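Here is a friendly walk through the structure you have on screen. Have a look at it first, and then read on.

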Amino acid sequence: MKFTFNNDTKKGWRLLSIPFIFSLLLLAAPLTMMFLLSFWTQDYLTLDKTFTFKNYIEAATQPVYKLLFTRSLIISLTATFFTVLLAFPMAYFISFHGGERKALWLFLITIPFWTSYLIRMFLWKVILGYNGVLNSFLIWLEMITEPLTFLLYNANAVVLALTHGWAPFAILPIFVSLEKIDRSLLEASTDLGDSAIDQFFRIILPLSAPGVIGAALIIFIPTVGDYITPKLVGGTDGLMIANMIQVQFSKANNAPLAAALSVSSLMIVSFISIVFVLFNRKYLRRY
Amino acid sequence: MSKSSKYLKIFAFTYLIFLYAPTLLLPIFSFNKSQIIAFPLTGFSFQWFEALLYQDALHDALKNSLIVAISSSILATILGTLASRATTRYDFKGKQASLTFILAPLILPEIIVGVSLLIVLIQLGITLNVWSVILGHTLLLAPFSIIIMNSAFNNLDLSLEEASMDLGENQFGTFYRVILPLVLPGIIASLLIGFTLSLDEFIIAFFLTGTDTTLPVYIWAQFRFPKKLPATMALGTILLIVSLMLLSLSEYFRRRSRMLEDSIPNKN
């Protein structure tokens with residue numbers, strides 16, 4: 001061949017260096033800076049650069065942070081679970097019963113998600129509010145006489161809005177993995193006497209696992225750090241760690257603590273994701 | 001079996017209604033006469049769209065958003081094209097690791113990207129303005145561009161490039177006359193998707209915007225005023241339509257890019 005390995009390396013890096021350096025400057029450097037900052041302290045506006053674990057100790061011991069971390073994880077895990085649970089049959093339906101119209105179904109699913117995330121989450125507030133769409137609709141139908149108050153401003157509302165908002169991120173990867181399943185395997189299993197349920201648990205579910213695992217991670221990782229949804233529909237009982245990070249950063253003027261909270265949540269999320277992947281690695285190995 | 005597939009179909013349609021319900025409220029209530037967003041509807045009106053014409057702050061925000069969306073989608077497409085070309089064409093050490101690193105913003109919580117960028121800008125004493133948002137958005141959009149450009153470059157036949165070189169074109173000429181026309185639809189798709197995503201992005205803009213408010217940051221501020229709700233719904237409707245138009249356009253170009261490459265007979 002014309003190109004030796006070294007030549008490839010040189011040409012490849014010549015092209016890749018610009019985007020790589022850009023990401024180094026705008027992603028790696030800021031993350032490193034945030035990491036450093038988390039070991040410093042701030043008194044109003046003066047930054048004390050003495051190395052200390054004070055922020056991490058505060059993040060680990062103060063009940064409010066523990067509460068927010070736990071709540072963020074519970075909300076995010078619940079939302080991930082329900083999103084995947086609802087997305088699976090949808091993806092299955094499109095892949096196995098979509099026929100000629102698979103592309104149309106996928107298109108139909110993505111349309112509502114091209115409104116901005118901000119507006120979609122806000123619409124949940126409009127729907128669930130005291131004088132909102134759902135309450136006024138139910139009163140109009142005379143199904144209730146007083147507006148329901150348990151709908152908005154709690155953790156459930158956040159879970160509901162997230163389950164809606166992240167749906168395509170679950171449907172699409174699961175659909176892709178279902179599409180990859182060799183249909184002759186299903187015929188073989190039917191011929192060998194498997195019932196439809198056996199077939200589902202012994203062939204379809206294990207083979208679609210990479211899509212399910214991917215979907216779970218794609219939703220879990222960003223939603224733990226979601227700021228918009230808890231702020232709009234969470235009320236005080238539904239606030240999450242991102243809201244605290246923002247408060248510490250701006251109003252409380254404690255950037256080092258905000259950095260420590262960010263680093264901590266990043267570590268917790270990475271840890272859970274890695275454990276989750278390791279736990280399911282037997283399903284991922286054959287790909 | 002057929003019974004279970006019937007239930008599945010019912011589920012699919014119910015789920016689809018759930019997915020559409022919130023978004024459908026946008027057009028319904030932006031044409032509704034009443035200032036309160038609730039049923040029953042009170043009548044048809046264009047007044048909320050008209051109200052948008054007289055909000056100067058909105059027009060400034062729109063201008064900023066357009067500057068940000070155009071600049072960051074162009075920058076991200078340049079970075080994405082370079083990265084994608086490097087990784088689809090050449091095989092080299094550290095390729096996968098560096099690509100994963102560049103793609104990381106796809107999955108990192110946005111608040112972490114936003115906060116860390118803000119920390120650096122503050123430490124460096126840089127004033128926040130439209131440029132800080134452009135840089136943040138470029139970082140965020142580059143991975144999307146890489147994914148789109150990958151599918152454009154992956155379908156590219158290596159022999160076309162070799163033929164062009166054999167026929168005496170230099171590397172630049174080959175790129176300009178052979179590769180670029182073939183991946184151009186991919187580039188346009190990347191620009192359109194980037195533009196749409198940037199126009200809708202809130203968190204990074206919220207942290208890095210300074211006084212140059214972008215459209216989503218403006219909308220966020222409007223949420224506090226119940227009186228302005230219907231007008232905000234009207235704005236949302238317009239944004240939805242614009243996004244859908246841009247997206248259909250980008251889908252058209254993406255398909256064209258595939259067709260263009262398929263139309264060239266493959267020797268193998």
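A residue is called buried when its relative accessible area is under 20%, exposed when it is over 50%, and partly exposed in between, using a 1.4 Å probe and the protein chains only. By that rule B:Leu135 counts as partly exposed, because its relative accessibility is 33%.

Before going further, a few ground rules. This is a predicted model, in which local features need pLDDT of at least 70 and side-chain atom pairs count only at pLDDT 80 or more, while totals for chains, interfaces and linings use all residues. Residues are numbered from 1 along each chain as its sequence is written, chains are lettered from A and ligands numbered from 1 in the order in which they are written, and side-chain values use heavy atoms, with hydrogens and water left out.

Chain B has eleven helices and zero strands. Helices here are DSSP runs of H or I with at least four residues, strands are E runs of at least two, and both are numbered from the N terminus. The C-alpha atoms of chain B fill a box of roughly 70 × 65 × 35 Å along the principal axes. Of the 268 residues in chain B, 51% are buried.

Helix α10 of chain B, residues 215-222, is mostly covered, with seven of its eight residues buried. Among them are B:Tyr218, B:Ile219 and B:Trp220.

Which residues make the nonpolar surface patch of about 680 Å²? They are B:Leu62, B:Leu66, B:Ile70, B:Ile74, B:Leu75, B:Ile78, B:Trp131 and B:Leu135. A patch takes residues with over 30% relative accessible area and no salt bridge; nonpolar side chains (Val, Leu, Ile, Met, Phe, Trp, Tyr) are joined within 5 Å, and like charges within 9 Å. The areas come from the Shrake-Rupley method with a 1.4 Å probe, and for residues only the protein chains shown count as cover. Helices α3 (56-89) and α6 (130-154) of chain B each supply at least two residues of the patch. The most comes from α3(B), with six residues, while B:Leu135 lies in α6 of chain B. As a general point, an α-helix has 3.6 residues a turn, so residues three or four places apart point the same way.

**How helices pack**

Two packed helices are described by the angle between their axes and the distance between the axes. Axes are lines fitted to C-alpha atoms, for helices over the stretch in contact, and angles run from 0 to 180 degrees between N-to-C directions.

Angles under 35 degrees count as roughly parallel, over 145 as roughly antiparallel, 65 to 115 as roughly perpendicular and the rest as oblique. The crossing of α12(A) and α5(B) is left-handed; that is, the near helix is turned anticlockwise from the far one by less than a right angle, whereas clockwise would be right-handed.

Within chain A, α5 (residues 117-128) and α7 (residues 155-165) pack at about 135°, with axes 10 Å apart. That makes α5(A) oblique to α7(A), and their crossing is right-handed.

**Salt bridges**

A salt bridge is a side-chain nitrogen of Lys or Arg within 4 Å of a carboxyl oxygen of Asp or Glu. There are eight salt bridges over all chains, including these:

| Salt bridge | N to O distance |
|---|---|
| A:Lys102 and A:Glu179 | 3.0 Å |
| A:Asp194 and A:Arg202 | 3.3 Å |
| B:Glu169 and B:Arg177 | 2.7 Å |

A:Lys102 forms its bridge with A:Glu179 across distant parts of the chain, from helix α4 (residues 102-110) to helix α8 (residues 167-179), 77 residues apart. A:Lys102 is partly exposed at 22%, and so is A:Glu179 at 31%. A:Asp194 counts as buried at 18%, whereas A:Arg202 is exposed at 58%. In chain B, B:Glu169 is partly exposed at 24% and B:Arg177 exposed at 60%. Salt bridges that share partners also join A:Lys102, A:Glu179 and A:Arg183 into one network.

**Two positive phi values**

Most residues other than glycine have a negative phi. A:Glu142, however, has a positive phi of about 60°. A:Glu142 sits in the loop between α6 (133-140) and α7 of chain A and is exposed, at 70% relative accessibility. A:Asn253 also has a positive phi, near 55°. A:Asn253 is found in the loop between α12 and α13 (255-279) of chain A and is partly exposed at 24%.
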